[in-house]
Amino acid sequence: MKIYFVRHGETDMNARNMFYGWYDADINEKGIAQAEELRAAFETIHIDAIYSSDLKRAYHTAEIIANGREVQPVPEIRELYYGDWVDRRMPNGEAFMEFYDRVTRGLEQIIKENKSKHVLIVSHNGALSAMHCHLTGAGPKAFWRFNSKQGHYSAVWVSGEKRTYDCMNYPAV
């Protein structure tokens, strides 16, 4: 199985370096251009299934890349839920390990359903970091080691317990 990972295209909130979790922002003009570049890159790559976070910015990116193919929304691969973020506290938010477990559970379900297939997953920087931590065996303590760039993709072969990365943050153009 081969998994391609894509971070959603840029939003206005990304351009302002904001954290916004489940706030349902859409991609901006630059984000649309990034998604179109990724669509062109994936025209020559065989993909059996496309999965996306159900948040607008990821799903819209996935729809552009899919170019008419079905996109399956997966709420489990959403970004961290920040709750009612005020100053440094996150009341009513999601604990980091709850987030990590939710995302890796969603990833493992996609892997289970797609053995021997090639899939594309469009998600968020935090969720993708959790997925990379899980796949590499680095665990949640390595969370800040990974950064998924917008307009780029990463690819990993998954065979049983073996994971082999082809590329990290490969530019679409």
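**Note on a predicted model: loop, hairpin, cysteines and spaces**

1. Arg69 sits in the loop between helix H3 (56-66) and strand E3 (72-73). Helices (H or I, at least four residues) and strands (E, at least two) are DSSP runs, numbered from the N terminus. This is a predicted model: local features need pLDDT of at least 70, side-chain atom pairs count only at pLDDT 80 or more, and totals for chains, interfaces and linings use all residues. Residues are numbered from 1 along each chain as its sequence is written, and side-chain values use heavy atoms, leaving out hydrogens and water.

2. Stay with Arg69. Its relative accessible area is 37%, so Arg69 is partly exposed. The classes are buried (under 20% relative accessible area), exposed (over 50%) and partly exposed (in between), with a 1.4 Å probe and protein chains only. Setting aside neighbours within four places in sequence, Arg69 is in contact with Ile47 and Ile50. Contact means heavy atoms within 4.5 Å. Arg69 and Ile50 are 19 residues apart in sequence, yet 8.1 Å apart in space, C-alpha to C-alpha.

3. Next, the hairpin. Strands E5 (152-159) and E6 (residues 162-171) run antiparallel, joined by seven bridges. Two strands pair if DSSP finds at least two bridges between them. Ala155 has Cys167 in E6 as its bridge partner. Two residues lie between E5 and E6 in this hairpin, and Gly160 in the turn has a positive phi of about 60°.

4. Now the cysteines. A disulfide is a covalent bond between the sulfur atoms of two cysteines. The rule here asks for a pair of cysteine sulfur atoms within 2.5 Å. By this rule the count is zero disulfides. Cys133 counts as buried because its relative accessibility is 0%. Cys167, at 16%, counts as buried too.

5. On to the open spaces. On a 1 Å grid over the protein atoms alone, a pocket is an open set of points with protein on both sides within 12 Å along at least five of seven lines, while a cavity is a set where a 1.4 Å probe fits but cannot get out; lining residues have an atom within 4 Å of a point. Grid points are joined across faces, edges and corners, and a volume is the space filled by probe spheres set on the points. The largest pocket has a volume of about 650 Å³. It has 28 lining residues, and the closest to its centre are Phe19, Glu79, Tyr82, Asn125 and Gly126. Helices H1 (12-15), H4 (96-113) and H5 (125-136) each give two or more residues to this lining. H5 gives the most, with three.

6. The second largest pocket holds about 170 Å³ of space. Its lining includes Met1, Glu108, Gly160 and Arg163. H4 and E5 each supply at least two lining residues.
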